[in-house]
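Morning, everyone. Please bring the model up on your screens, and I will walk through it.

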Amino acid sequence: MVFSPKKLLIGAATLLASLSGFAHADDCESGPWQDVSYTGGNGGGRFCATKYLSGIVITGVEVWGDGKGVRALQFYYSDGTQSDLIGKIDGDKHGRMDWDPSVAQISQIKTWGNGKGQNLGRVYIRTTAGNELDVGKDTSGQDTFDTKVASGIMLGAFGASGDRIDNLGFLFLKSKISKIDVGSIVFDETPEALNAQQEGLETVVLDYADHTNNLSSSNETFTFSKEISETNTKKYTQTAQHTFGWSNAIELSGEILDLGAKSTTTISYQYQNTHSEENSDEHKISLTYSTSTLLKPGQKVFCRATAMSGKYSGKYGGSVNIWLEDGTTYSFSERGTMDQVAWSKASSECQDDDFPPEAKAQGMVVKREPLKGIKFIA
């Protein structure tokens, strides 16, 4: 039998509040879904298995059954947790199916009663990747009830149970996604604190050379120059992109923490009020330096090129907005991570005395305190 979930869940709040591992009944009564129904009878204690308010979806279902129908259920979430066991494990029929929502969605769900309008007889689930779960009694000749899977993203399940599953319904995101954005971004750390600690900021030796003017009677100009290639990267990791199978870029807006190195030989943390549609950016940059020194006969010079490198991995919170093709939105708060590597412009210097060994090997971190001709911004 098929019923409206609203009638099923009204008055169940007190009961469900006493059950650990389940959402409040109201969480299953209304949400970003529509055309919801359930299959089975009217008995049993109500359950609501969903975490959609936190942007978490169901990514696995386990079912136990016997010759009379479905005995028990358990649901697995995208955050690695699971619902409490629903019903009682018994019988010789069992199956479990898990799927990765970034590559597969639910393409079909069919359910059957026990043939007497008393409880759930059988459940069949199929993903777009072709995986199937089919557990329950022989339902030959019985009516089949198809669940409208809409977007294919399962946000939850609801129903009633005792020693077996009395009834069951599913909650699906009601429309396919057209866009995801993250606004009101706030980073856990501030630029001021990071600059004060010089977190992840280092001065790196790019090149070293020494040269002697071996001419006996004339001056010589020694030029210390080169162009070196490095890579600037920035990547945002947002769980929602994976959870909801979104392959396009997520738009980000707000005060984005950034390692700034636009046109100087220094790097500092700063806020940028930006609107970005790039989840990941990687591009090569050229670190160019050139210094010319006039040497007298027999004079020796020591030259070194350096640049500042900044590496940062930090967490932020923001409001995730999922825009559906039907024009509605679905919002929740979620944590994310930003990883960035940035290089400043190169700087070169030459002097009469040699640099210490630890300050001239290519790739060596010189030191964190200010260097000659280079200063940190704090």
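Which cysteine does a disulfide join to cysteine 303? Cysteine 350 is the partner, with S to S at 2.0 Å. A disulfide here is a pair of cysteine sulfur atoms within 2.5 Å.

Ground rules, quickly. This is a predicted model, where local features need pLDDT of at least 70, side-chain atom pairs count only at pLDDT 80 or more, and totals for chains, interfaces and linings use all residues. Residues are numbered from 1 along each chain as its sequence is written, and side-chain values use heavy atoms, with hydrogens and water left out.

Back to the sulfurs. The link of cysteine 303 and cysteine 350 is right-handed, with 110 degrees about the S-S bond. It connects distant parts of the chain: cysteine 303 sits in strand S20 and cysteine 350 in strand S21, 47 residues apart. Helices (H or I, at least four residues) and strands (E, at least two) are DSSP runs, numbered from the N terminus. Now accessibility. Buried means under 20% relative accessible area, exposed over 50%, and partly exposed in between, using a 1.4 Å probe and protein chains only. Cysteine 303 is at 0%, so it counts as buried. Cysteine 350 is at 21%, so it counts as partly exposed.

The structure holds two disulfides. Here is the other: cysteine 28 bonds to cysteine 48, S to S 2.0 Å. That link is right-handed too, with 90 degrees about the S-S bond. Cysteine 28 lies in helix H3 (residues 25-29) and cysteine 48 in strand S3 (residues 45-50), so the bond ties together parts that are 20 residues apart in sequence. Cysteine 28 is buried at 1% relative accessibility, and cysteine 48 is buried at 0%. Counting bonded cysteines along the chain, the pattern is 1-2, 3-4.

Next, the cores. A nonpolar core is a set of buried Ala, Val, Leu, Ile, Met, Phe, Trp, Tyr and Cys residues joined through side-chain atoms within 4.5 Å. Which members of the largest one touch the most other members? Leu155, Ile177, Phe244 and Ile322, out of 40 residues. S20 gives the most, with six residues. This core takes at least three residues from each of domain 1 (38-174) and domain 2 (179-358); those bounds come from an automatic or database domain assignment. Apart from it lies another core, of 27 residues, including Ile86, Ile125, Ile165 and Leu168.

Aromatics. Rings of Phe, Tyr and Trp (its six-membered ring) pair if their centres lie within 6.5 Å; planes under 30 degrees apart are stacked, over 60 edge-to-face, and the rest tilted. By this rule there are 11 aromatic pairs. Take tyrosine 52 and tyrosine 330: the centres are 6.1 Å apart and the planes at 40 degrees, so the pair is tilted. Tyrosine 52 is buried at 9%, and tyrosine 330 is buried at 4%. Tyrosine 330 also pairs with phenylalanine 332, again tilted, at 5.2 Å centre to centre and 55 degrees between the planes. Phenylalanine 332 is buried at 4%. One aromatic cluster is formed by Trp33, Tyr52, Phe244, Tyr330 and Phe332.

Charges over rings next. The test is NZ of Lys or CZ of Arg within 6 Å of the ring centre and within 35 degrees of the ring normal. Arginine 96 lies over the face of tyrosine 76, at 3.6 Å from the ring centre. Lysine 110 lies over the face of tyrosine 124, at 5.1 Å.

Now the sheets. Two strands pair if DSSP finds at least two bridges between them. Four strands form an open antiparallel sheet in the order S6-S5-S4-S7. S6 (86-87) and S7 (93-98) are its edges, each with a single partner strand, so one side of each has no neighbour in the sheet. S4 (residues 58-66) and S5 (residues 69-77) pair over eight bridges. Another open antiparallel sheet of four strands runs S10-S9-S8-S11.

Last, backbone. Serine 184, in strand S14, has a positive phi near 55 degrees. Serine 184 is exposed, at 59% relative accessibility.
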